[in-house]
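Work through the two exercises below with the model in view. Each task is followed by a solution in steps.

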Amino acid sequence: MTAETPDFIRATSAAYDTIADDYAEQCADWAGIHTFDRALISGFAELVKERGREPVADVGSGPGAVTARLHALGVPVFGVDVSARMVAKARQTYPELRFHVGSMTALDLPDGTLGGIAALYSVIHVPDDRLPGVFQEFRRVLAPGGYLLLAFQYDEDSDHLHLDERFGHAISLDYYWRGPEDVVELLTAAGLQLHSRTVREPQGQEKLRRVYLLARKDG
């Protein structure tokens, strides 16, 4: 982290560093990913492979399960996460893959180099005033015609949740809930064209709807 790192990135990084072991144990394996998410990830993989061999970034890669699945599907992928301990867990579990500490607010990548970005349940920690900049950063690093796959929870009754404890650890972590239309508007303003939009109802122990947006950079 540098002096310019936003406070919310510092707080998110510290929280996930604290819960990394417990979170990785709960969420690391591909079998724990919902069937619907798996199907969309597979479809995303096919789309980016049709473009060629440009790399794909899994932004907010956590313990690395999505990164590993994209790799298994033939995608040249690497993971990026704000939590150094989460990156270490991913490297330990998947030593053949690349994982880096980094922030979606300022990706250490040249302009127009990625064939795709997967950001599954990671923009939920970005405050409203920062999200337009994140989407502009995504557009910057995407190659013309590159795809962005977003997934996030949606609470119709609330727009914010703060946790000061998880897995028995004291943390400070904020979640921001947004409806699909609001996020589509921000994507469009950032110069990304909506390709598809899906809303899934809660399943099992889930309490919130899931929103899946696939967008594309013109070109």
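**Exercise 1: the largest pocket**

The element α1 gives the largest share of the lining of the largest pocket, seven residues. This is a predicted model, in which local features need pLDDT of at least 70, side-chain atom pairs count only at pLDDT 80 or more, and totals for chains, interfaces and linings use all residues. Residues are numbered from 1 along each chain as its sequence is written, and side-chain values use heavy atoms, with hydrogens and water left out.

Task: Describe the space in the largest pocket and its lining.

Solution. 
1. The largest pocket holds about 1,400 Å³ of space.
2. Its lining has 47 residues, and Y23, C27, Y121, Q153 and R166 are the closest to the centre (lining residues have an atom within 4 Å of a point on a 1 Å grid).
3. At least two lining residues each come from α1 (7–27), β1 (56–59), α3, β2 (77–81) and β6 (160–166).
4. Sorted by class, the lining has 23 nonpolar, 14 polar and 10 charged residues.

**Exercise 2: two helices**

Task: At roughly what angle do the axes of α2 and α3 cross, and which residues meet?

Solution. 
1. The axes of α2 (residues 35–51) and α3 (residues 65–72) cross at roughly 50° and come within 10 Å.
2. The crossing of α2 and α3 is right-handed.
3. I41, S42, F44 and A45 of α2 meet V66, R69 and L70 of α3 (contact means heavy atoms within 4.5 Å).
4. By class, this contact of α2 with α3 has five nonpolar, one polar and one charged residues.

Terms used
Axes fitted to C-alpha atoms, helices over the stretch in contact; angles between N-to-C directions. Helix = DSSP H or I, 4+ residues; strand = E, 2+ residues; numbered from the N terminus. Left-handed = near helix turned anticlockwise from the far one by under 90°. Nonpolar A, V, L, I, M, F, W, Y, C, P; charged D, E, K, R; others polar. 1 Å grid on protein atoms, 1.4 Å probe; cavity = no way out; pocket = protein on both sides within 12 Å on 5 of 7 lines; lining within 4 Å. Points joined across faces, edges and corners; volume = space filled by probe spheres on them.
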